[in-house]
Structure formats: structure tokens, C-alpha cells
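Visitor: I'm new to this structure and would like a close look at one part of it, the place where the two chains meet. Could you walk me through that, and then show me a bit of what lies around it?

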Amino acid sequence: MASLKLVPVFLLLGGAALAQTYGVGRAPTAAESAQSITLSPTGAGLPVGHGNAVEGKELYTSKSCIVCHGPEATGGVTSAPNLQAKFGPDHNAWERRGGGDQVAVRAPNAIILWDFIHRAMPLGNEGTLAPNEIYALTAYLLYVNKIIPEDQVLDQNNLTKVKMPIGNEYVRVPDWKPNSPRIPASLLKIPK
Amino acid sequence: MDPKSKSRRELLKGGAAAVGAVAASASVSKIAFAQTPASGALPSYAENEAPMIPLTDDLIGYGVRSHYVTSKRIPSTTGYAISPDEFGLSFHVATPLQDSIGTIQASSLHYTATTKKTFIPDIDPAKHTLMIDGLVDRPRIFTMADLKRFPSVTRFHFIECNSNSAAPTDKTVQQTHGLTSNAEWTGVLLSTLFKEVGIKKEASWFVAEGAEEEKGASTIPMLKGMTDVIVAYGMNGEALRPQNGFPVRLIVPGFEGIFNTKWVRHIKAVDQYQLNMNDYGHLNRTALGAAMIYQIGPKSVITFPSGGQKLPDHGWYEITGLAWSGQAAVKNVEVSTDNGKTWHIAELKNTPHPMAHVRFGYMWNWDGGEHVILSRTTDAIGQVQPSREQLAKALGVEFTPQYRPPGNNNTIMKWKIASDGSVTNGLA
């Protein structure tokens with residue numbers, strides 16, 4: 001009975017090779033799994049911690065962010081981008097302009113800022129910041145861009161709930177299928 | 001006198017005579033060689049000051065190109081960051097397409113870019129591992145030795161940086177198009193590893209993360225991972241080079257450069273589009289803008305004759321270049337020598353592969369007059385490389401001479417040939 005059931009499965013997959021596993025590799029240890037730094041946009045996986053802009057301002061100097069990104073995050077000292085947008089909240093988020101990717105004002109989710117500081121900054125010493133420090137630095141960069149008040153405490157529960165200036169005004173990459181054209185037909189003004 | 005020492009003296013005498021004979025014959029043959037060019041025969045290397053390339057350890061061990069061949073990569077200025085910057089970080093480095101021969105770039109000349117401003121990590125392959133976890137039945141860690149136990153594939157694919165867009169101020173094809181290269185990649189299909197770990201039904205995307213300073217991570221459709229993504233450890237017959245992701249990287253055929261995660265160390269299967277810094281970079285104000293920075297469109301460029309080169313005289317030349325598409329194999333390439341009034345089917349120099357460069361050629365008898373030469377390609381799913389005017393029209397925007405296509409510019413490139421044979425950027 002069991003072997004009869006297997007037959008259609010083999011046909012469906014086009015042969016045994018496709019269904020094959022090789023038993024190569026090993027299960028990660030708990031410590032290795034814990035090294036994963038990939039975060040979900042829901043905030044699941046964020047380490048416990050908290051911080052506000054007042055603490056963040058101190059860290060911005062003591063952790064030498066200021067050396068590359070300039071005082072008040074306004075840049076101008078190195079090719080590292082300024083982290084404070086040129087224009088304030090009276091401008092559309094896409095037009096506030098700054099240096100780099102303007103992640104503090106254009107990100108739809110504050111977790112992008114947290115995640116980038118966590119994985120990449122301070123450049124040359126990345127991976128040295130504690131969770132509380134990252135919450136505080138994130139709060140500071142959101143505060144200088146007038147997105148949250150100076151005394152707002154960010155933590156693992158409210159980080160992804162910060163109301164970002166971009167709102168819903170953004171589009172992600174289109175759906176992909178093999179052989180689908182580069183520009184989806186729906187976006188062409190004259191159909192091909 | 002000791003007979004032994006006598007014989008030794010005689011030996012020495014004889015030896016000296018033998019050396020003299022060799023020297024005499026060498027000078028005879030040198031004269032003979034030196035005379036041949038005057039008599040109209042082929043010239044000889046023997047006239048060179050140093051006729052032999054010294055047999056250094058490098059020449060024996062790994063090989064060195066001729067010192068007459070000087071083609072080099074250059075830091076690119078087309079990306080949004082100048083490289084190298086004051087941190088000494090090289091961001092984008094362009095390949096010398098004007099000198100390219102055939103369809104692959106030598107690994108030493110392959111264009112490179114880093115996800116963000118990062119140094120090139122010096123990874124010990126014996127210690128490097130790739131972890132695959134997330135929505136899988138059996139999370140696994142693979143060593144490099146493990147990866148090589150799986151069935152391998154070897155395929156040609158190009159990689160192209162999204163910022164590879166010709167500007168009117170660019171002088172050479174290295175500047176206009178040098179942020180794309182093609183290579184032969186060897187590795188294991190990601191789908192093979194995904195079967196090994198057992199991807200759960202609800203996993204619709206995966207996140208691939210590199211081991212460099214900024215640990216660049218991109219979210220890629222699970223369907224793409226199941227279709228043709230390669231976990232590559234080999235490039236053009238040898239191990240990857242550090243700048244190209246040693247010891248292991250992803251090849252995501254047709255997707256813009258940044259998705260081709262170098263130094264890959266972690267792949268996580270997830271059930272929604274993630275928001276890593278790289279993904280954030282692909283968010284756009286419009287759906288069109290997002291599409292134009294995702295997959296590379298059908299594209300071609302003439303590499304000879306191209307900007308900065310010169311045709312020495314009128315007469316026959318092979319106009320040659322490269323064509324590719326991010327969705328399929330190239331179907332055909334057409335060449336025009338009259339600024340697009342008439343088009344001629346070019347010869348494809350090898351079998352076109354999906355998402356790979358193919359070289360084309362078209363024999364042309366230059367009459368010594370002024371010409372604008374162009375190429376355009378059509379791919380196997382029917383996409384045609386547009387002119388700037390055609391693209392503007394298709395997207396419903398007004399065309400002006402200053403029109404800059406959004407995202408990666410795949411429009412037709414023009415080279416201008418002056419009556420003195422000099423070649424310049426036709427967009428200028």
C-alpha cells in the first residue's frame with residue numbers, strides 16, 4: 001500500500017533525483033542558531049532592551065559616530081552620509097533629502113534603522129553595541145529628524161510601531177516568475 | 001704532473017673551445033634574425049632587448065600575462081559613491097570592456113562592487129560555514145567541504161550593478177558599461193540545499209546574508225531560489241577570488257548585482273518580504289521605479305570600435321560587442337551603422353545562454369565618413385532593447401534630450417565615428 005502511494009509522488013517530481021536528500025551537513029548548535037541576526041519586520045527576534053534620544057545623544061559622541069557622521073548627524077566631515085535630512089516634516093518623506101539612503105526618514109519601519117546600526121555600525125567596530133545602546137541611538141536619529149520626541153523610550157515592543165513619515169507611500173519589488181518580463185505589462189503605457 | 005690534473009686542464013681547454021663555438025653560432029643566428037625584416041620576412045623577438053621572459057616563480061606557479069597587455073579595471077564614478085573614498089574603501093570597480101575578448105571576463109578583471117562601503121574580508125575556507133534555517137524542517141550548517149559533496153552545476157551568467165548606466169560625460173565603454181561581467185560559475189544549486197533542509201510550505205522568501213563588515217542581506221523570492229540560484233564556489237575554473245566572494249557566494253541570475261550575495265554565511269527561509277537595508281534600497285515611490293532596479297533588462301553594447309579608440313584607416317572591420325538579458329537567453333543582435341536607419345543581423349559568436357553575455361560581430365567596410373553605430377538585442381521571451389525615445393514613450397513620459405531612464409539604463413548605446421576614425425560617446 002505504502003509503495004503504491006509513492007509512485008505518483010515520483011512521477012510528480014520528475015524522478016527520484018529531485019526528491020533526493022544526501023544527509024550532508026549537520027544541525028546547528030543552539031549557540032550557532034543564536035548567532036542569526038536576521039530580524040522580521042514584525043519585530044520578532046528583537047533583543048529585549050530600551051533607550052531614548054537623550055541617552056542616544058551621549059552615545060553618538062562616545063561611540064564615535066560623530067567622527068564620521070558629524071555633529072548633530074549633519075555630516076560633512078567624511079564621505080559617510082549625514083543622518084539628518086535636509087528638510088523637515090513639512091516636506092514629503094521622499095523629498096526631505098539627506099546623504100546616503102536617508103534611512104531615518106524614508107524607512108517604512110524603524111526596525112531597518114535599528115538593524116543597520118546593529119549589523120554595520122560603528123563602521124570598523126560593528127557588532128560592539130549592546131541592545132540598549134542601539135535602541136538609544138535609533139531614538140536619537142529619529143529625534144533629530146523630528147519623528148519622535150526626545151524623551152520617548154524605544155524598546156523591543158514599540159520599535160516597529162513608530163509612525164514613520166513615509167506612511168504607505170512606497171512600493172516593493174514586483175512579484176517574480178520565471179520568464180516574466182522586466183517591466184510588468186500593466187506598467188507600460190503602450191502595450192508591446 | 002698528475003695525469004688527473006692534466007686531463008682536467010685539457011677538459012677546461014676543450015670546454016672553453018666549446019663555449020666559444022656556442023657563442024659564435026649564437027652571433028651568427030642573431031645576425032641572420034636581424035636581417036630577416038629587411039628582406040621582408042617576419043620580424044623576430046630575438047631583436048628585443050630582453051628576448052626571454054624571466055622564469056620567475058610567478059610565471060611558473062600561476063602564470064603572468066605579457067607586459068605588452070596592460071588592460072586594467074578602474075574605480076567607477078557611476079555609482080552613487082566615488083571609490084575609493086577617504087576610508088580607502090573601493091566601492092565599485094569597472095571592467096575594461098573595450099579590451100574584452102570572447103564572452104567571459106578573466107576573474108582578475110571581473111567588475112566588483114561591495115554591498116555597502118566595506119573592506120574585503122579575508123576568510124579562511126576551512127572555518128567558513130553556511131547556515132540554512134528559518135522555515136525549514138531540518139536547519140543545517142554546511143562547511144565548504146560539505147557543499148562540494150552535493151551534485152554541482154557549471155553555468156555561464158552575467159552580473160550587473162544597478163548603477164551601470166551610460167552618461168553623456170562618459171568617455172569609454174569601461175565607464176558607460178563596465179559594471180557588468182560574465183563568468184563561468186560552479187557550485188551547488190540552492191534548490192538542492194533547500195531540498196536537503198526541507199523548505200516549509202509557508203516559506204515564500206529567503207534572506208541571504210554575507211560575512212563582510214556590513215553583513216549585507218537581501219530578500220529573494222523562494223521561487224527564484226528553487227529555480228536557478230547557484231551557491232557558487234568556483235569561477236572560471238578556479239576558486240572564487242576574495243573580491244568576488246571567496247569562498248562562497250550566491251549567483252542570482254538576472255537580478256541586479258546586490259542580490260548576488262558575496263561571502264554568503266546565512267540563508268533564512270521566511271514567510272514575508274523582510275526589511276533589511278538592501279531591501280529598503282529597493283523600495284520605491286512608484287511600481288515602475290521598483291521594477292527598474294530589480295531585474296536587468298535586455299541590453300547590448302558595442303565594445304569595438306568604442307569611445308577613445310581610433311580606426312586607423314578606412315576598410316573592413318568587425319564591429320563587435322556583448323549582449324545579454326536578465327530574463328532569458330539572447331535571441332538576436334542587430335547592428336546599425338547609420339544611426340538606426342537600417343539594421344543588420346549580427347553573427348552570434350557562441351551559443352547564447354540564459355542570463356549570460358553573448359558576443360556578436362558584424363563585418364563593416366568603413367568608407368572613411370562620419371557614422372553613428374548602434375546595437376540592439378532581442379531576447380528569447382521577445383523583449384527588445386529600447387532606444388531612449390522608445391522607453392520614454394512606453395513609460396508615458398515626455399522625451400527630451402536630457403531624458404534619463406529610471407533605474408538600470410538598458411537603452412541603446414551610440415558611438416560616433418569621425419572622419420579621422422576617432423570614436424566618441426554618441427550620447428554627448
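Guide: Happy to. Let's start with the salt bridges, a salt bridge being a side-chain nitrogen of Lys or Arg within 4 Å of a carboxyl oxygen of Asp or Glu. Across the interface of chain B and chain A, the rule finds three of them.

A word on ground rules before we go on. This is a predicted model, in which local features need pLDDT of at least 70 and side-chain atom pairs count only at pLDDT 80 or more, while totals for chains, interfaces and linings use all residues. Residues are numbered from 1 along each chain as its sequence is written, chains are lettered from A and ligands numbered from 1 in the order in which they are written, and side-chain values use heavy atoms, with hydrogens and water left out.

Back to the bridges. Glu209(B) pairs with Arg119(A), and their closest N and O atoms are 3.1 Å apart. That pair belongs to a network of salt bridges linking Asp115(A), Arg119(A), Glu209(B) and Arg265(B). Another bridge joins the side chains of Glu169(A) and Arg285(B), at 2.8 Å from N to O. This pair crosses between chains: Glu169(A) sits in the segment after β2 (154–155) of chain A, and Arg285(B) in the loop between α7 (277–280) and α8 of chain B.

Now step back to the whole interface. The contact (heavy atoms within 4.5 Å) takes 68 residues from chain B and 63 residues from chain A. The area buried between the chains is about 5800 Å², and carbon and sulfur atoms give 62% of it; buried area is the accessible area (1.4 Å probe) that two parts lose on being put together, summed over both. Arg285(B) turns up again here: with Leu275(B) and Tyr280(B), Arg285(B) supplies 13% of the area that chain B buries against chain A, more than any other three residues.

Between the two chains there are also 17 residue pairs in polar contact, both at pLDDT 80 or more. A polar contact is a pair of N or O atoms within 3.5 Å; within protein, one must be able to donate a hydrogen and the other to accept it, and residues adjacent in sequence count only if both atoms are side-chain atoms. On the side of chain B that touches chain A, helix α8 (residues 287–291) of chain B gives the most, with four residues. By class, that side has 31 nonpolar, 17 polar and 20 charged residues. (Ala, Val, Leu, Ile, Met, Phe, Trp, Tyr, Cys and Pro count as nonpolar, Asp, Glu, Lys and Arg as charged, and the others, Gly among them, as polar.)

What about salt bridges elsewhere? Over all chains, a search of the whole structure finds 17. One of them joins the side chains of Glu72(A) and Lys57(A), at 3.1 Å from N to O. Glu72(A) lies in the loop between α5 (65–69) and α6 of chain A and Lys57(A) in helix α4 (residues 53–62) of chain A, so the pair ties together parts that are 15 residues apart in sequence. In chain B, Lys224(B) forms a salt bridge with Asp228(B), where the closest N and O atoms are 3.1 Å apart, and both residues are buried.

Staying in chain B, look at helix α5 (residues 190–197): seven of its eight residues are buried, so the helix is largely enclosed by the rest of the structure. Among the buried ones are Leu190(B), Phe194(B) and Val197(B). Gly198(B) follows α5(B), with a positive phi near 75 degrees.

Finally, chain A as a whole. The secondary structure of chain A comes to eight helices and two strands, and 41% of its 192 residues count as buried. One buried residue is Val105(A), at 2% relative accessibility, placed in helix α6 (residues 103–106) of chain A. Chain A averages a pLDDT of 88, pLDDT being the predictor's confidence in each residue, from 0 to 100. Do treat residues 1–17 of chain A separately, where pLDDT stays under 50.

Technical notes: Buried means under 20% relative accessible area, exposed over 50%, partly exposed in between (1.4 Å probe, protein chains only).
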